[in-house]
Amino acid sequence: MKLVTSVDDVSELTRSWREKGQKVVLVPTMGWFHEGHLSLMRMARKIGTRVIVSLFVNPIQFGPKEDLAAYPRDLERDRHLAEKEAVDVLFAPAVSDMFGQNFQTRVSLSLLSQGLCGSNRPGHFDGVATIVSKLFHISHPNCAVFGQKDLQQLAVIRQMVRDLNFDVEIVGHPIVRERDGLAMSSRNSYLTGDDRKNALCLYTAIIRCQKMVGNSRGKISITELISEAGRIIDSFPGCIAEYIQVVDRQSLKECQELDQNSVLALAVKVGGKVRLIDNAVLMDQ
Ligand code: AMP
């Protein structure tokens, strides 16, 4: 596996792969790899001839009060893990190489970036759409793999690809969980002591709501589900729900009635500081 830090070098390399007819698959990440990231890499390996993983803690998707400085980083550790997954290139550019002094452009989605995480993270999805556009232009992928854990991010990227005619196939990967159900996340490393136990409030609420939907054969009201999820989250010490919504997994519009595409989407602050998200479809597929 090659570690490449230069934008020009990676661009040249991936262009040469495409010229030889090789299928290039990109996995965009912010590093501090866990089993979720590694599963995306394995899926990319199955789909493509060449796998490129980007590792870039993107400053323009963090708000002024967010954890940009504290975000966990260890290039050597990540390099070792990516190498074991037979990744061809780990692309880890410097911020200065991605954003020159006079950088001014934003890719902005008017609707999908509002609501859910967008309500509490203004500008976040513009930052995501902008960096992913840049990565697509730089690394010439045929295909890119994203996790369904970031439900809104996946919807934003799919919409951006349609709107801007990117010739890139977007593949979603199911959520990878710890044995006890906690969705894997680089931010889980902030969870210490009781906060790690209390972080299970999200998965507990999901399982409970799925059971309620199953037992009622989908006839339960959405209001009832949301209030039960809220009750469960409140019952875990130090856990405060930022949002609890039932949305359509593609449009992200709030569901009026349950169907196969209805997703329970949650964001919760655990222990007053660690913000976790999770989601799951409510009906058996
Ligand atoms: P991040 O490094 O957190 O920006 O994540 C990079 C990619 O990995 C994104 O497409 C995420 O949705 C995906 N990802 C992160 N955690 C998980 C998980 N637990 N299961 C599946 N995909 C994930």
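**View 1. Arg187 and Asp67 form a salt bridge.** In this predicted model, the side chains of these two residues, Arg187 and Asp67, come together with 2.9 Å from N to O. A salt bridge here is a side-chain nitrogen of Lys or Arg within 4 Å of a carboxyl oxygen of Asp or Glu. Between domain 1 and domain 2 the count is one salt bridge.

**View 2. The chain is assigned two domains, domain 1 (2–173) and domain 2 (186–281).** These bounds come from an automatic or database domain assignment. Their C-alpha centres are 26 Å apart. Where the domains meet, 20 residues of domain 1 are in contact with 17 residues of domain 2 (contact means heavy atoms within 4.5 Å). Together they bury about 1600 Å², with 58% of it on carbon and sulfur atoms; buried area is the accessible area (1.4 Å probe) that two parts lose on being put together, summed over both.

**View 3. Seven residue pairs make polar contacts across the interface of domain 1 and domain 2, both residues at pLDDT 80 or more.** A polar contact is a pair of N or O atoms within 3.5 Å; within protein, one must be able to donate a hydrogen and the other to accept it, and residues adjacent in sequence count only if both atoms are side-chain atoms. On the side of domain 1 that touches domain 2, helix H5 (117–120) and helix H7 (151–163) are the elements giving two or more residues. H7 supplies the largest share, three residues. Helices are DSSP runs (H or I, at least four residues), numbered from the N terminus.

View 4. The side chain of His37 places an N or O atom 2.8 Å from a ligand oxygen atom. A backbone N or O atom of Met30 is 2.9 Å from an oxygen atom of the ligand, and a polar backbone atom of Val176 lies 2.8 Å from a ligand nitrogen atom.

**Notes.** Residues are numbered from 1 along each chain as its sequence is written, and side-chain values use heavy atoms, leaving out hydrogens and water. Local features need pLDDT of at least 70 and side-chain atom pairs count only at pLDDT 80 or more, while totals for chains, interfaces and linings use all residues.
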